[in-house]
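Hi everyone, thanks for making time.

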Amino acid sequence: WVVAAPARAAIVLADPADAGLRHDGTISNGLLTGRVGASTTSPGEGGRAVVYVFQLPTPPLGLSPVTDASLSFVVSLDRQHPAYNIDLYALPARSDPAVQSTDAFFGPLDPAATLIEDNILPADTVQPPVSLITTDPAANTSLVTWLNSQYGVDGSGAGKYVFLRLNPDIDPPVENSGVDVVMAENAANVAAMTINFVPEPATAIAGACLLGLSTSFRRSRGRFRWR
């Protein structure tokens, strides 16, 4: 009995390597929440960004490439940011999950990164506490294209770490503005990326093997869940 491999969705939780980035390039690790916008706190007064880290899961046997994807995260507090919007960017995959100071950016367009969703948090929208934010359909399409480029045609990108950054679209002044978002170290409302895989063309696998696939697993850093 031979059947085509069904589509599967991996829910990948943000890695504890995620970090906040300050205007001077210094990095804040171990945060329960991170500021996206601006702050008067030293060091690095001014702009603030957050980078979420995710480990790319290995698709189950016969499943590739990514056909749908989305990102969700939680805004725990909106301090308001009438002078700027907040954008979502994707940075190239790396074998090390550590966020780097060069990942920081504050401005309208970062040529070194891939814009996934422009104005994911618009200046004129105030989020109530504990607001779930999810990428829109156009951003999901951009995320699929970018994820497939990180996996590569041979799938060798599986296991590497990818970086999704939230940052203001101006270099803001020294002020307390923007949003606080929940980081991976927080036990509740952790950011998550959902990745859908489908069979490769002409791929078929035995039903017994399909039933033997693991439906859930963990890794020491990145956390995956199949559904």
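Let's start at R94: its charged end sits over the ring of F163, 3.9 Å from the ring centre. Bear in mind as we go that this is a predicted model. There is another arginine to look at, R165, whose charged end sits over the ring of Y89, 4.9 Å from its centre.

Now for the cores. The largest nonpolar core has 43 residues, and Y52, F54, F73, L147, L164, L166 and V181 touch the most other members.

What is F54 in contact with, leaving aside its neighbours within four places in sequence? Its partners include V12, L13, A14, L71, Y161, L164 and M193.

On to ring pairs, where the count comes to 3 aromatic pairs. One of them is Y52 with F73, a tilted pair at 6.2 Å centre to centre and 40° between the planes. Y52 belongs to strand β6 and F73 to strand β7, so this pair ties together parts that are 21 residues apart in sequence. Both Y52 and F73 are buried.

Next, Y151 and F197: their planes are at 80° and their centres 5.9 Å apart, so we call this pair edge-to-face. Y151 is in helix α1 and F197 in strand β13, 46 residues apart, so distant parts of the chain are linked here. Y151 counts as buried because its relative accessibility is 5%, and F197, at 1%, counts as buried too.

Technical notes
Residues numbered from 1 in each chain as written. Predicted model: local features only at pLDDT ≥ 70, side-chain atom pairs only at ≥ 80, totals over all residues. Heavy atoms only, no water. Core = buried A, V, L, I, M, F, W, Y, C linked by side-chain atoms within 4.5 Å. Buried < 20%, exposed > 50% of the residue type's maximum accessible area, 1.4 Å probe, protein only. Contact = heavy atoms within 4.5 Å. Phe/Tyr/Trp six-rings, centres within 6.5 Å; stacked < 30°, edge-to-face > 60°. Helix = DSSP H or I, 4+ residues; strand = E, 2+ residues; numbered from the N terminus. Lys NZ or Arg CZ within 6 Å of the ring centre and 35° of its normal.
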